[in-house]
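Thank you for coming, everyone.

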Amino acid sequence: MVRRERWMVVATLALLQIFVVLAGTYLITHDADRTPAPVASPKPAPIPLVTAGPVLAAVGGGALPAKGTLTTRLTAAMGDPALGGSVAGIVLDVATGTPVYDGRSGTAITPASTTKLVTALTVLGTVGPDARLATRVVRGASAGSIVLVGGGDPTLAGPRTSAAEQEETYPRPASLARLASNTAKALKTAKLTSVDLSYDSSLFTGPRTAPGWKPTYIPEGSVAPVAALMMDEGRAANGARFPDPAQATADAFATLLRKNGIKVGKGVGSAKAAPTAQELARVESGPIYALVERMLTHSDNDLAEALARQSAIKEGLPHTFQGVPTAVGRVLTRLGVSDGVEVHDGSGLSIKNRIAPTALAHILAVAASPAHPELHSLISGLPIAHFTGTLHNRYEKSDSKAGAGLVRAKTGTLNGVNTLAGIAYTSEGRLLTFAFMADQVANPPEAITALDKMATIVSQS
C-alpha cells in the first residue's frame, strides 16, 4: 500500500512537471508581448583571412630593408627606357625620415594628379577632417525673394541622381531635391507659395580655370569650370560639363521648387545674399575626411579644386586660384614639408605645377605619423593596388602581381607624365613612403608598368 502511494506521488509530480513545461511553452509561443529568445545555430569554424593588416598598424616596427639591394633593384627599374629622360624617385623610412633609396629625389617634376596629395594635406591641416560644406537657402533682400547660396560642395546631387545612387556613393552626398523639399516646407509655414529665386556663387572668385590648364580640359570633360554652386560636379545628363554650373544648378532648383508646390518667377539670376539673411534650409556634404578619401581614391578633379579653395578661405586668403598656392605654402610650412612644392591648382591638371619626389614622400610620412591623426584620411584614401580607385585594374603583370593589396598609392597621368606616390610595408613590417615620377614619358603603358614594378619592389623589400 505504501509502495502504491509512493508511486502515485511520483506520478503526480511527473505530471505536474509536464504541465509546467507545456504551460511555459504555450506562454512563450503565444504571448504577443514577448519576443522569443533566438535559438543559437551552430557556427562554422572561422576561416582565417590573410590581409595586408591595418593601413597604419605600425610605423617603426621591423628592420629596414638592405639598402644596397633595394638601391640596385630600383636603379635598374628606374632606368626603363619607357620612362624617358626625366625620372626621379625616393623611398623614405617613416619612423626616422631617412631616405632608404634616393634617385635624384630633389628634382622638380610635373606631378599630375599626385598634386592631390598636397591638396589633401592642406585641407586636412587647415579646415580639419570633420568640417562639412553647406548649400543653403536664405531670404532675399525683398519680400517674397529667396537666394540659393553655394558653399563650394561639388558633390551636391542633382535631380537626375537617384536616391539609390546617392545611397551607394561614399560619402553620401547632399541632395538638391531634399534642399528644395525643406525650403518648400519652410516657405509654406511662412504662408509663402510664390517666390523670386536668385543664386549666390560668390564664395569662389576670380577665373574659373587655372594657370596651366589646357583649353581642352572642360570640353573633354576632365573638369568643370570651378564654381561655389554646383550639382553633380558640373555634369549634364549627357556627361558633358555645364559651361555655367551655378546657373544650371539654380535652374534645376527652381524646377524642384515648382514640383513642391512653390511658384517661382521666370528669371533666375545671380545675387549676393546678405551675411545676416535668415536661413530657410540647408543640406551638408560628408565630412572633409571622407571627401578627401573620395578625391584621392577616384582622382576627382572637381572635388580637389573645391577643397583647395576651402583651404584658401580658411587661411583668410583670396578665394581664387591665386590664393591656393599661398594657402598650400602656409600649411605645408607649419607641417615642415614645404620644400620642393610649387602648385597652381588643387587637381594637378596644371602643366605649370612642379613637385620633387622627396616632397611627396615627406608629405605622406607626415600624414602617416602618429603625431597627426587629423591627417590620416590622406593615407586611408590612397587607392589599393589591383582593388580600388585608379589602381583597380593595375598590378596584374608578373613584375607587379606581388604588390596587389599591399601597395597603396596615388597615381598621376598627363600627356607625357606618369607618377606614383604612396606607402608600403616591407616584408619585416617597416612602413615606407615612396614617390616615383617621370615627365618625359616615351611609352605611357610601359611607363605605368615600370612604376608599378618599383612600388612592388618596395613592398617586397
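This is a predicted model: local features need pLDDT of at least 70, side-chain atom pairs count only at pLDDT 80 or more; totals for chains, interfaces and linings use all residues.

How many residues lie between β12 and β13 in their hairpin? There are five, and in that turn Gly429 has a positive phi of about 90 degrees. Residues are numbered from 1 along each chain as its sequence is written, and side-chain values use heavy atoms, with hydrogens and water left out. Helices (H or I, at least four residues) and strands (E, at least two) are DSSP runs, numbered from the N terminus.

Strand β12, residues 417–425, runs antiparallel to β13 and is joined to it by eight bridges, with Leu420 standing opposite Phe436. Strand β1 also pairs with β13 in the antiparallel sense, over seven bridges, and here Leu92 has Thr433 as its bridge partner; two strands pair if DSSP finds at least two bridges between them.

Eight of the eight residues of β13 are buried, so this strand is largely enclosed by the rest of the structure, where buried means under 20% relative accessible area and exposed over 50%, with partly exposed in between (1.4 Å probe, protein chains only).

Let us turn to helix α2, residues 67–78, whose buried residues are Leu70, Leu74, Ala77 and Met78. On the other side of α2, Thr72 and Ala76 are exposed.
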